[in-house]
Amino acid sequence: MKTSVVYVVLALSFSCFSVVEVQPLDHEAGEGNSTEIHSIDENGCQLAVILRELEAKLRNTEKQLQDLRQEFQGNRVAFGASIGNVGNIGPFNTEIIVTYKNVFSNTGAYNPATGIFTAPVKGVYYFFFSGHNVSTKPMGLRLMRNGEQMVTVYNHPAGNRHETGTNGMNLQLEEGDQVYIKLRSDTWIFDNENNHSTFTGHLLFPL
């Protein structure tokens, strides 16, 4: 009775599978037994190629997922803060950076101790700021990027009334660029528990 044994051999040098069948053969009495080896191609090499292609696609998919994860993390940039319940700040004979210490939200790029936002990624950002004051004295605020004024707001003296000035702008930033608000010399700004004077910003999209 014929029996067959199938051996699977990994041809490592070619990264292919070779399949051979070893069959004992029946012969006439007195002639003894011998074996015959038949190669049965089960498309082993094609299977190896497919596996390699699947592996490459898997690596590419993993890279795409990592890129999307990093992009998602990079997009999570936003902050919002007010000066807080401090009353009047100023006037001073020199400009100062306004520290908006009452933080409502912050993903980490804004430092409330210094009042400075540092861009974590290259991209286009939007910033908005507001200032409140009693108009017996002027109020001047400047939105700065790396020491350069971008936009400003200025309230001129107008008697004895409460006034608020606001401004904002989209800015293209490089990673590490710093954005902050400066109070002009000889002007003042006011805030209390109502949070009139604020500074906010967020990433619109990375570049």
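Biologist: Does Ile 50 count as buried, partly exposed or exposed?

Modeller: This is a predicted model, so what follows is computed from predicted coordinates. Ile 50 belongs to helix α1, which covers residues 44–75. Buried means under 20% relative accessible area and exposed means over 50%. Because the relative accessibility of Ile 50 is 44%, the residue counts as partly exposed.

Biologist: Which residues form a nonpolar patch on the surface with Ile 50, and what is their accessible area together?

Modeller: The patch consists of Ile 50 with Leu 47, Leu 51 and Leu 54. Taken together, these residues have an accessible area of about 350 Å².

Biologist: Which peptide bond is cis, with omega near 0°?

Modeller: The place to look is the loop between β5 (87–89) and β6 (96–97), where Pro 91 is found. Omega is near 0° for the cis peptide bond that runs from Gly 90 to Pro 91.

Biologist: Asp 186 is not a glycine, so what is its phi, and is the residue buried or exposed?

Modeller: Asp 186 is placed in the loop between β14 (178–183) and β15 (189–191), and its phi is positive, at about 60°. Because its relative accessibility is 52%, and exposed means over 50%, Asp 186 counts as exposed.

Biologist: Where does Asn 195 lie, and what is its phi near?

Modeller: Asn 195 is part of the loop between β15 and β16 (198–206), and with 23% relative accessibility it counts as partly exposed. Although this residue is other than glycine, its phi is positive, near 60°.

Biologist: How many aromatic pairs does a search of the whole structure find, and how far apart in sequence are the parts tied together by Phe 79 and Phe 117?

Modeller: The search finds 10 aromatic pairs. Phe 79 and Phe 117 form a stacked pair, 5.4 Å centre to centre and with 25° between the planes. Since Phe 79 lies in strand β4 (residues 78–82) and Phe 117 in strand β9 (residues 116–118), the pair ties together parts separated in sequence by 38 residues.

Biologist: Why is the pair of Phe 79 and Phe 199 edge-to-face?

Modeller: Both Phe 79 and Phe 199 are buried, and their ring centres are 5.0 Å apart. Planes over 60 degrees apart count as edge-to-face, and here the planes stand at 75°, so the pair is edge-to-face.

Biologist: The charged end of which residue sits over the ring of Trp 188, and how far is it from the centre?

Modeller: The cut-off for such a contact is within 6 Å of the ring centre. Over the ring of Trp 188 sits the charged end of Lys 137, and its distance from the centre is 4.3 Å.

Conventions
Residues numbered from 1 in each chain as written. Predicted model: local features only at pLDDT ≥ 70, side-chain atom pairs only at ≥ 80, totals over all residues. Heavy atoms only, no water. Patch = residues over 30% accessible without salt bridge, like charges linked within 9 Å, V, L, I, M, F, W, Y side chains within 5 Å. Areas by Shrake-Rupley, 256 points an atom, 1.4 Å probe, with all protein chains shown as cover. Salt bridge = Lys/Arg side-chain N within 4 Å of Asp/Glu carboxyl O. Helix = DSSP H or I, 4+ residues; strand = E, 2+ residues; numbered from the N terminus. Buried < 20%, exposed > 50% of the residue type's maximum accessible area, 1.4 Å probe, protein only. Phe/Tyr/Trp six-rings, centres within 6.5 Å; stacked < 30°, edge-to-face > 60°. Lys NZ or Arg CZ within 6 Å of the ring centre and 35° of its normal.
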